[in-house]
Amino acid sequence: MRVVAVISPKGGVGKTTVTANLASSLARLGAVITVLDLDPQNALRLHFGMPHNDATGIAARNLPQGKWRNALHESSFGVDFLPYGSVDEKQREHFEHAIRAEPDWLLSHLNSLGLSETDVVLIDTPPGPSIYLQQVLKVANIGLVVLKPDAASYSTIPSIESLIQYYTKGRKDFLGYCYVLNQMDASKQLCRDVFGMLRSSLGDRFIPTAIHRDEAVSEALACQTPVSYYAQHSSATQDVKYLTTWLQKNFGLVD
Amino acid sequence: MRSILNSRYLYGRLNELGLSMVNWPGWENKIPRALALIAAALLFWAAISVPMELPLQAFFSTIIFSSALYLRRYTGTLISLIMVMFSVSATSRYIYWRITYTIGTDNLVDLFFALVLVMAEVYAWVVLLLGYLQTAWPLKRKPVMMPADTSTWPTVDLFIPTYNEDLSVVKPTVMAAMGIDWPRDKLNIIILDDGRRPEFAAFAESVGVKCYTRADNNHAKAGNINAALKRTSGEFVAIFDCDHMPTRSFLQYTMGWFLVDPKLSMIQTPHHFLSPDPFERNLQTFRNVPNEGELFYGLIQDGNDLWNATFFCGSCAVLRRTCLDEIGGIAVETVTEDAHTALKMQRLGYNTAYLSLPQAAGLATESLSAHVGQRIRWARGMAQIFRVDNPLFGRGLNFGQRLCYSNAMLHFFYGLPRMVFLLAPISYLFFEVHIIKASALSIAAYSLPHLLHANLTNSRIQGQHRHSFWAEVYEATLAWYIFRPTLVALINPKLGKFNVTAKGGLVQEEHFDWVISKPYLVMLALNVLGFLIGIGRALWWNTYELDTVILNMLWTIYNLVILGATLAVATETKQVRRTHRVRATLNATLRLPNGHSIVCQTEDFSMGGMSLKVPDGFTLEKGETLLVSLYGTNGECLFPSKVIFVKKNVLSVQFLELDLQQEKDLISCTVGRADVWLNWSDDRNIDHPLNGLKEIAFHSAQGFVRFGEGLKQYWEKNQKS
């Protein structure tokens with residue numbers, strides 16, 4: 001099991017979209033991909049065609065026997081996904097309380113899925129520090145931080161960096177983390193400047209092929225498909241492909 | 001038995017034998033070397049001089065030629081060298097036979113014509129031999145990497161001399177130079193404007209480079225550079241013609257050799273042309289058949305490099321300032337200052353180098369007349385050097401250098417010999433002069449081996465850089481024009497003036513160039529007339545020597561084929577684009593105003609626009625605006641564009657007004673790329689002697705057709721007036 005944590009220091013950067021598109025791109029490489037949504041917004045499922053009114057998920061009260069296996073959905077894009085589930089405030093607090101009580105909560109649930117050594121798990125996390133992120137960083141092998149080309153994203157880097165280092169320090173199976181810039185628009189001077197600054201300050205950790213802002217991404221979500229299925233020749237599809245290649249080259253995710 | 005004769009086995013044995021002979025330690029000793037040389041010389045002399053009866057000569061030649069045909073199936077320099085020796089022997093045997101047996105001394109007229117032809121043949125023989133020496137073993141030098149610490153890199157002054165060229169030609173070159181990967185404080189880019197134009201100074205200022213002018217224009221380009229040398233102090237000087245745009249890697253690829261070889265005075269890279277020269281344009285062979293310059297830059301310079309005799313070609317090169325200072329700057333005595341400069345530095349014991357990697361590209365001459373003008377200058381200059389600073393004599397050069405430089409100059413004396421070959425048969429057909437006193441059969445028995453071996457061997461050595469028989473067309477086109485200036489320069493090297501090669505012009509409409517083609521038409525008319533008379537001789541007047549008549553008629557047919565091709569070259573095809581489109585596959589992304597994007601690749605690009613190959617089903621309306629992303633050193637660059645042409649899967653766009661930064665970005669994403677010119681010859685046909693002949697025959701037929709059309713046009717015009 002190879003676990004990739006998709007992290008963002010703040011909301012609205014498009015982390016869930018990146019997770020979904022990256023997952024379908026990795027699946028095209030022939031890997032068995034499972035995506036886990038740990039973000040209470042429960043939006044990941046929408047990328048894979050799950051109906052809005054389907055409330056099932058790992059946090060849902062009615063999860064049979066509390067087993068994740070029973071929440072696993074199969075998509076038509078070669079990706080299996082575990083939705084968070086539509087829950088009310090009370091249920092969420094109850095769910096999070098249970099997590100707090102069990103330090104190995106995530107690990108034991110992942111193990112219960114019966115995945116093989118080479119299968120890949122992508123985990124979508126809520127923005128910023130959270131109880132979910134703590135759990136995720138304790139099991140992740142790779143961290144992928146999603147940024148947006150604006151000043152706010154840039155300024156939050158030190159805090160997310162220290163958070164990652166805090167939870168992964170001394171773990172031999174943590175291979176490293178990297179940054180990807182989402183919603184890039186090269187026609188905007190600010191975007192180009194942020195891109196340049198990130199490239200020089202983050203060095204090798206910065207994936208030099210950003211994901212461009214692309215109307216096809218929003219439209220793909222509206223059609224509930226990954227962008228590579230919706231707009232094969234779009235710049236966003238190409239960029240996700242580059243991201244996949246980069247991860248594959250640097251971490252050898254898929255055999 | 002069959003397995004032993006298996007060719008691969010035999011080839012392996014031959015190779016082993018060759019290697020063990022080369023590696024024999026005895027060669028270190030002078031005596032075996034001298035003995036081997038004497039033995040080889042004796043054998044060679046026997047091979048070329050032992051007289052044989054006709055059947056024996058035919059038999060002997062057949063065996064040697066069959067061996068050559070057999071050997072050519074294998075690769076390797078050893079095989080090439082064996083084939084070269086076959087060819088040298090066959091040609092030498094022919095020349096020996098011609099001189100000793102076939103010069104008629106019966107009457108003065110015969111003797112005169114015979115001597116003229118023999119002299120032309122001896123010239124061709126000398127050039128063939130020297131050519132083999134030059135090209136037998138190209139050095140294929142690789143770049144030396146620069147040390148990681150850029151603070152140790154030397155300072156470079158980059159000169160872009162210009163005189164009367166348009167700013168639009170010079171601008172991209174300056175911007176490409178600014179994109180070269182080299183520490184900013186160590187690269188000093190200077191436009192040397194001999195036209196003293198205010199807009200050049202203003203442009204230089206706006207992009208942050210220097211622009212030097214001088215009070216006079218003495219010694220043209222050489223004087224211009226020398227004046228700038230006095231005002232600068234960089235350790236090295238890179239020189240680019242004002243239309244030669246360097247790639248970003250130019251200095252990093254070339255400078256390494258200066259660091260490892262302190263005696264290196266100059267390194268030259270190829271002159272690569274992104275636009276078709278008049279031959280390529282008028283014959284429509286661009287990128288299919290190697291152009292005229294390619295033999296020189298692809299093979300000859302690389303071969304020269306083996307002998308440490310690469311010469312400076314005026315552009316796309318780097319020179320060491322201290323060496324230049326020692327010879328008093330760029331040479332000004334001749335109109336080919338570049339070659340002479342290298343010669344002078346080599347005489348002082350400095351090395352030169354050639355790197356066969358196209359690291360800059362420029363514009364070819366635009367019309368045949370401009371091309372002819374340029375070649376006249378080269379021919380005159382080389383003849384001048386031959387006269388005032390002959391490389392065969394004087395101090396400082398080694399044997400190989402003397403021969404390489406001499407051949408570079410001798411080569412330009414082909415004007416007269418080429419015309420002799422083109423006119424020789426009519427001396428018989430017109431006047432019954434027997435210029436070769438031998439039966440047609442013996443002529444065939446001696447000359448065929450010479451011709452066949454020469455073509456077979458040259459096709460093997462040069463085929464990649466020049467297709468068979470094309471040299472004849474290139475030379476026939478220029479023969480008359482360079483014949484006079486070379487002769488004049490040889491008699492008085494001071495006569496004649498420097499003419500600048502015009503670049504960046506347009507040809508308004510297709511037309512037959514009646515002025516430039518005069519000499520071809522005269523030679524053509526004489527050959528046609530000769531052929532017609534030949535028919536009379538064959539049928540009625542000279543039936544007793546039918547073989548001689550037929551031989552001469554065949555010769556005129558060959559000449560007509562070659563001259564037909566020159567007619568095709570003289571038909572200028574229309575050229576309307578001011579910016580040349582370069583066929584290249586680059587990654588691009590179209591960013592549409594509605595937020596959508598399309599990943600695609602370019603089909604071609606120019607400084608004004610590009611064509612893009614787009615996926616099935618994607619289309620835009622003519623006139624729509626969009627942003628085109630290209631990728632360069634600085635990452636993604638966007639260029640505002642407008643759709644001007646839509647076809648299935650192809651979209652042509654024109655760039656809208658670009659600002660200075662965008663223009664610079666465009667250069668660095670296109671012509672500035674390190675790899676942009678490397679795959680230039682990938683789609684090319686492979687040479688085979690018969691294919692070469694077929695190509696020429698095809699163009700010749702076209703030439704006659706176009707000449708007919710030109711004639712018709714001319715006639716109609718005259719009718720009207």
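**View 1. Helix H13 of chain B on its strands.** Helix H13 (residues 294-306) of chain B lies across strands S6 and S9 of chain B and runs at about 145° to S9(B). Helices (H or I, at least four residues) and strands (E, at least two) are DSSP runs, numbered from the N terminus. Axes are lines fitted to C-alpha atoms, for helices over the stretch in contact, and angles run from 0 to 180 degrees between N-to-C directions. Two residues are in contact if their C-beta atoms, placed from the backbone, lie within 7 Å. The model is predicted; local features need pLDDT of at least 70, side-chain atom pairs count only at pLDDT 80 or more, and totals for chains, interfaces and linings use all residues. Residues are numbered from 1 along each chain as its sequence is written, while chains are lettered from A and ligands numbered from 1 in the order in which they are written.

**View 2. The sheet of 7 strands in chain B.** This open sheet has the order S3-S2-S1-S4-S8-S6-S9 (chain B), with mixed pairing; two strands pair if DSSP finds at least two bridges between them. Because strand S3 (210-212) and strand S9 (351-354) of chain B stand at the edges with a single partner strand each, one side of each has no neighbour in the sheet. On average, neighbouring strands of this sheet are turned by 25° against each other, direction ignored. Strand S6 (residues 264-268) of chain B pairs with S9(B) in the parallel sense over 4 bridges, and B:Met266 stands opposite B:Thr352 in S9(B). Helix H9 (residues 220-231) of chain B also packs on the sheet, where it touches strand S1 (156-162), strand S2 (187-193), S3 and strand S4 (236-239) of chain B. The direction of H9 makes about 145° with that of S1(B).

**View 3. The sheet of 3 strands in chain B.** The order in this open sheet is S5-S10-S7 (chain B), and the pairing is mixed. Its edge strands, S5 (245-246) and S7 (272-273) of chain B, each pair on one side only. S7(B) is joined by 2 bridges to strand S10 (residues 360-362) of chain B, and the two run parallel. B:Phe273 stands opposite B:Gly362 in S10(B).

**View 4. The contact between chains A and B.** Here 10 residues of chain A are in contact with 12 residues of chain B. Helix H8 (215-222) and helix H10 (235-251) of chain A are the elements that give two or more residues to the side of chain A that touches chain B.
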